[in-house]
There are 2 protein chains.
Amino acid sequence: MIVAKIGGSEGVDMDAVAADTARLVAGGHRLVLVHGGSDATNRLSVALGHPPRFIASPSGHTSRRTDARTLEIFQMACRGVVNQGLVSRLVRLGVAAVGLSGVDARLWEGTRKSAIRGVEDGRVVVIRDDFTGTVERVNTGLLRTLLDAGFTPVISPPGISTEGEAINVDADRAAAATAAALGAEALLLLSNVPGLLRRWPDEGTLMRRIGRGEMAGAEEAAQGRMKKKVQGAALALGGGVGRVVIGDARRGEPLRAALAGEGTVFQ
Amino acid sequence: MIVAKIGGSEGVDMDAVAADTARLVAGGHRLVLVHGGSDATNRLSVALGHPPRFIASPSGHTSRRTDARTLEIFQMACRGVVNQGLVSRLVRLGVAAVGLSGVDARLWEGTRKSAIRGVEDGRVVVIRDDFTGTVERVNTGLLRTLLDAGFTPVISPPGISTEGEAINVDADRAAAATAAALGAEALLLLSNVPGLLRRWPDEGTLMRRIGRGEMAGAEEAAQGRMKKKVQGAALALGGGVGRVVIGDARRGEPLRAALAGEGTVFQ
């Protein structure tokens, strides 16, 4: 069982991801794909005249400001654009792919943040109408049902709050929680980078192997969104996943390359 | 086994649909919901500056002009708005709902029309870049897998062509084909009308019972989009579905009312 999270940033080769997935599924692997929708949400938000905004927390962490309208746009981008696109590619290659969101049968359940602290013009403000949360529980029944019957799930945000609201959740973390809940042997976090770099953006400083005792140093080296991937790796390893690979999705055979150890391997 | 197609027009009470579905599922019924996305697509098309256009065929039939950009918008509206909305409502009520499109595992397969004849300014023109088609085959494996495990599928357009392209398909007809393929005992076609009216829009002329030998007369009485529903009813009955009810979704308990015979019953 392999869980692979595919980033949506520029350079990611979705055709190569689909082709490689098809090869792995044909070879008998049980595969779950996860993706986000950040870039597609940005584009659609601009097109709809509701430009993306981001909140910087007092500790320096940045997240999307997800008001009710942004949540709608986020769902259109995730479900209608990214998920449909990936599922269509897979189906054309003969994979019995099934697109899901974290809302379906409460697949990705978590808590909506009741208040978010952000910094605006140097002052700390509290935002209460935001639809953001964290996946805390993965209800794997639906995934197991589909996998056992030979289908390949492709999961998209949003998740769902305990109260039943759709919530914007981080897909890297959700993928890690999914891999842990399924007892996956590997979690692949693929995007438009070769792996974790000791001195970003110098690709010559790729960190190849990181042991369980070296997670703190890895998190320190990680910049920006890479921090979430390293945190996801820690979450997955702590949850019993055999190994996590942060790898490159700009190349051919991106899943098999990561499985072969190309990128940054956490073990 | 019941298949219910829910229209998206003004007046349709989605909360009542969800609540009634939850009651039926809790009572042990196997239920498949189907919906379209016509109204949501119109709104999103306008918001994105690509206003909806329609093609009138030489025989007077009207269909949406679905160029590549409209197909993208159609998928955002169907998957990201209507399907997410209905699934979220159901999940909040405790139903293990799973949103699907006709692309997933080739659920709704059909042929893309290679050329569409339309009338423009009195002249017949041929359009070749349209993504429209008709569902000809329902691959029920995914639905049976989900139903057997206690999940409630909620199916949205688009469908998929034999070549693997997403295609705009009529959801009434797709629901009829789904009911036939599943051997459903009933197909409910619910929208913002009380049923088939002999003289539209006079609700006092509701046609209550239509036998299998009376379909030609019924089709003649049907106006506009109601024609598709009557054709869908004929398709479903011909495919072995026990009965079809065209009923009202503007009221409370809309599914149970239709099952109790309120509306127009084809049998």
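Reply: **A pair of helices in chain B**

In H5(B), the residues B:Asp172, B:Arg173, B:Ala175, B:Ala176, B:Ala177, B:Ala179 and B:Ala180 meet B:Lys228, B:Lys229, B:Gln231, B:Gly232, B:Leu235 and B:Ala236 in H7(B). Contact is defined as C-beta atoms, placed from the backbone, lying within 7 Å. By class, this contact has seven nonpolar, two polar and four charged residues. Here Ala, Val, Leu, Ile, Met, Phe, Trp, Tyr, Cys and Pro count as nonpolar, Asp, Glu, Lys and Arg as charged, and the others, Gly among them, as polar.

The model is predicted: local features need pLDDT of at least 70, side-chain atom pairs count only at pLDDT 80 or more, and totals for chains, interfaces and linings use all residues. Residues are numbered from 1 along each chain as its sequence is written, while chains are lettered from A and ligands numbered from 1 in the order in which they are written.

The axes of H5 (residues 171–182) and H7 (residues 226–238) of chain B come within 8 Å and cross at roughly 15°. H5(B) is therefore roughly parallel to H7(B), a term for angles under 35 degrees. Axes are lines fitted to C-alpha atoms, for helices over the stretch in contact, and angles run from 0 to 180 degrees between N-to-C directions. Helices (H or I, at least four residues) and strands (E, at least two) are DSSP runs, numbered from the N terminus.

In chain A, eight strands form an open sheet of mixed pairing, in the order S5-S10-S2-S1-S13-S15-S16-S14; two strands pair if DSSP finds at least two bridges between them. S5 and S14 (209–210) of chain A stand at the edges with a single partner strand each, so one side of each lacks a neighbour in the sheet. S15 (residues 243–248) and S16 (residues 264–266) of chain A run antiparallel and are joined by three bridges. A:Val245 stands opposite A:Val265 in S16(A). H7 (residues 226–238) of chain A packs on this sheet, touching S13 (186–191), S15 and S16 of chain A.

Between the chains, 28 residues of chain A are in contact with 28 residues of chain B. H3(A) gives the most to the side of chain A that touches chain B, with ten residues. Of the interface residues of chain A, 100% are also interface residues in chain B, so the copies meet through the same surface.

Technical notes: Contact = placed C-beta atoms within 7 Å. Parallel < 35°, antiparallel > 145°, perpendicular 65-115°, else oblique.
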